[in-house]
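My entries are below, in the order in which I looked things up.

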Amino acid sequence: MMSPEQRTEELAQLQRMRAISLIEASTLLLLVLVAVPLKHLAGLAIATRIMGPIHGLAFLTYVWMLIQLVSAGGWSRSEITRLVLGAFVPFGGFVNAQVLARRQARLATP
Amino acid sequence: MIYLWLKALHVAAVLCWTGGLLAAAMAIAARPATPEAIAPGHRAAIGVISRWDRRVTSPAMLVVWGAGLALAMQGQWFGSLWLTLKLGIVLALSALHGVLSGLLRRAASSQSSEVPSWLRHAPLPIVGGVTAIAVLVVVKPF
């Protein structure tokens, strides 16, 4: 049985995971749909030089938080697979944020 | 000048991170094998280390990464073999920290004593990794 403090902490963790999932998805879209076309069509290589590291850091943070979330337990194999694959596919992070939001809603309901 | 300040920040964050990482690894290694054997003192220690991990060790890791990457860019170290090797070790230590951090959360919120056996030896690779990093950074053998 979870104490109120543990439930609050769990909800905060899910909230942080949702936020990083959205950031990771948005930076991937900016990289693929804006920076890469700017580089190849307009010759603006600086666009990928800026967006590349930003997305790289967002991706690493997402992966680290996912390792932490999964190690804490309570996630099925299919949920873990979905959360991992979502990081590699454009728009996948937005789907992951939905999955996390549903989990958050379930946990918030007493 | 900014390079030296970044370096000081990086070293301070590394000390906080590795200290917290070792504390987390020791706490998980010392977790008794059966739920009945978990003493109240151990449960309290796990709670304190888990909170420390959330508030100090994990933010310190973010500062290590941020300041470290800024240093590598400022010093134009990217491409050096010693840095590539160091980054690999830091990635492995970060992943290990993620696993330990998740297990600490689980241990703090439940009676579960389930700890993968390999993690009972986690302090050793941490000490080895940190030693290898110190050699790579100071001696720069490659």
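I began with helix 2 of chain A, residues 46-71, and found that its 26 residues reach 38 Å from the first C-alpha to the last, close to the 38 Å expected at 1.5 Å a residue. I kept in mind throughout that this is a predicted model.

Next I asked which residues of helix 2 of chain A are buried. I listed Met51(A), His55(A), Ala58(A), Tyr62(A), Trp64(A), Met65(A), Leu66(A), Gln68(A) and Leu69(A). When I looked for what covers these buried residues, I found that the cover includes helix 1 (4-42) and helix 3 (77-86) of chain A, together with helix 3 (81-109) of chain B.

I then turned to the contact between the chains, which takes 10 residues from chain A and 10 residues from chain B. On the side of chain A that touches chain B, the largest share, six residues, comes from helix 2 of chain A, and the residues of that side divide into six nonpolar, four polar and no charged.

Last, I looked within chain B, where the axes of helix 1 (residues 2-29) and helix 4 (residues 123-139) come within 9 Å and cross at roughly 160°. An angle over 145 degrees counts as roughly antiparallel, and therefore I wrote down helix 1 and helix 4 of chain B as roughly antiparallel to each other. The contact is made by residues including Leu22(B) and Met26(B) of helix 1 and Ile126(B) and Val130(B) of helix 4, and its residues divide into eight nonpolar, one polar and no charged.

Conventions:
Residues numbered from 1 in each chain as written. Chains lettered and ligands numbered in written order. Predicted model: local features only at pLDDT ≥ 70, side-chain atom pairs only at ≥ 80, totals over all residues. Helix = DSSP H or I, 4+ residues; strand = E, 2+ residues; numbered from the N terminus. Expected span 1.5 Å × (residues − 1). Buried ≥ 20, exposed ≤ 12 C-beta atoms within 10 Å, placed from the backbone. Contact = placed C-beta atoms within 7 Å. Axes fitted to C-alpha atoms, helices over the stretch in contact; angles between N-to-C directions. Parallel < 35°, antiparallel > 145°, perpendicular 65-115°, else oblique. Nonpolar A, V, L, I, M, F, W, Y, C, P; charged D, E, K, R; others polar.
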